[in-house]
Amino acid sequence: MSQALARSPQTDPLRAPLAGVRIADFTIHAAGPFCTHLLSQLGAECIKIESATRPDAFRKPHAVYGRMSAATFDQVSANKLSVRLNLKQPEAVTLAKRIVALSEVAAESFRPGVMARLGLSFDALREAKPDLVLLSLSSCGQSGPDSHFAGYAPLFGAWGGLGWMSGYSDGPPVEMRHVMDHAAGVHAALATLAALNQRRRTGQAQHVDLAAREVASAMIGDALVLASLGITPERPGNADLAMAPHGVYPTAQPDRWLTLAVRDDTEWRALAHTLGQGEGGERYATAALRREHRANLDQDLTQWLKTCDAEVTAQRLQQAGICAHVSWTMQDVASDPHLQARGAVTPVQAPDIAPRLAVGAPARFSGSDQVGIRRLTPALGQDEDYVFGQLLGLSTAQRADLEAREVIL
């Protein structure tokens with residue numbers, strides 16, 4: 001176990017899967033912080049190293065991201081500890097290395113070269129922690145002709161081809177935004193766990209180089225195979241190569257859409273019968289006919305459903321063995337008693353801030369009740385008594401001096 005983890009200001013995490021793992025977190029924005037947030041929900045102690053001079057974009061109001069409050073900071077930073085270090089100061093870099101020396105993992109999401117210019121390259125950090133796992137999550141990776149490019153979520157999808165393959169065949173590509181940051185973060189968390197496992201087997205340091213752009217490319221599936229054969233794939237919209245109908249359809253209620261998929265002829269007959277369209281469904285009796293006449297099928301299904309209640313129809317179709325559900329709004333998700341019962345959405349509250357929901361851990365582990373959000377998003381520098389005082393052993397006078405010289409800032 002890492003030094004002093006049992007005295008962490010967090011709720012006792014000893015029964016969590018990643019208990020004993022400490023992360024020095026240099027990540028910013030969304031993708032990198034979401035990775036370390038996932039690991040923190042599994043029990044890792046995550047120390048976010050930041051500065052008042054350049055606060056994380058998610059810690060402050062940010063018009064570019066379409067929000068004038070920092071509520072979504074909870075989605076990537078709850079559970080974490082926060083300390084201030086002005087990494088432009090050599091003494092702050094030294095303190096950062098001391099935190100890394102007490103950690104199993106360091107994570108960063110700057111452009112390639114930034115950590116080296118700060119004096120925190122992989123080689124420099126290995127001097128402090130010889131068996132360190134360093135995660136570097138960037139737009140295009142640490143090497144290659146495009147490695148210098150900056151990027152954010154829509155660009156990841158655009159570069160990786162996922163944006164081009166999303167949308168309808170007669171429309172433009174669909175910009176990929178929030179999902180790409182989180183997809184990259186999930187891949188980064190998995191890669192970090194793999195590197196930790198390798199280190200346990202070999203005792204060797206590992207530098208994980210993950211490109212968000214390549215995460216998008218890994219998600220486009222058969223389209224990349226077709227392109228390699230000289231065939232230009234089309235945007236499928238909601239269509240599926242094998243299943244028809246397969247889509248989202250309007251109902252009697254405004255903006256209450258029904259999502260459904262029919263896998264075989266038996267399910268199609270059940271759907272037509274449930275909707276009172278037995279004879280009308282005969283012209284689409286086989287999967288081949290439904291695929292061939294997909295456009296007409298969608299038009300007819302739209303007509304059949306336009307007078308239907310979304311929830312009632314979804315329940316009836318489910319009882320008939322058909323994959324169907326209302327396309328939920330965020331209000332539906334936030335108020336879902338099932339998600340609340342499992343802790344998949346968790347209320348968080350800070351002083352002078354109204355309660356709000358954050359996304360909890362989607363996995364459960366037998367024998368562990370310490371998975372998920374255990375504490376609120378930290379205020380800037382909130383945990384310096386623990387990190388600088390207990391872990392690094394700095395006295396009150398030393399810390400006051402470092403603050404006066406803007407090393408801690």
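Where does arginine 375 lie? Arginine 375 lies in the loop between β11 (356-359) and α16 (384-391), helices (H or I, at least four residues) and strands (E, at least two) being DSSP runs numbered from the N terminus. This is a predicted model, in which local features need pLDDT of at least 70 and side-chain atom pairs count only at pLDDT 80 or more, whereas totals for chains, interfaces and linings use all residues. Residues are numbered from 1 along each chain as its sequence is written, and side-chain values use heavy atoms, with hydrogens and water left out.

Arginine 375 counts as buried because its relative accessibility is 11%, where buried means under 20% relative accessible area (1.4 Å probe, protein chains only). The side chain of arginine 375 is joined to that of aspartate 383 by a polar contact of 3.0 Å, that is, a pair of N or O atoms within 3.5 Å, of which, within protein, one must be able to donate a hydrogen and the other to accept it, and residues adjacent in sequence count only if both atoms are side-chain atoms.

| Pocket | Lining residues | Nearest the centre |
|---|---|---|
| Largest pocket | 40 residues | Ile28, His29, Arg54, Ser109 and Phe110 |
| Second largest pocket | 18 residues | Glu234, Arg235, Pro236, Ala239 and Leu241 |

A pocket is an open set of points on a 1 Å grid over the protein atoms alone, where a 1.4 Å probe fits, with protein on both sides within 12 Å along at least five of seven lines, and lining residues have an atom within 4 Å of a point. β2 gives the most to the lining of the largest pocket, with three residues, while helix α9 (residues 222-228) supplies the largest share of the lining of the second largest pocket, also three residues.

Definitions and conventions: Buried < 20%, exposed > 50% of the residue type's maximum accessible area, 1.4 Å probe, protein only.
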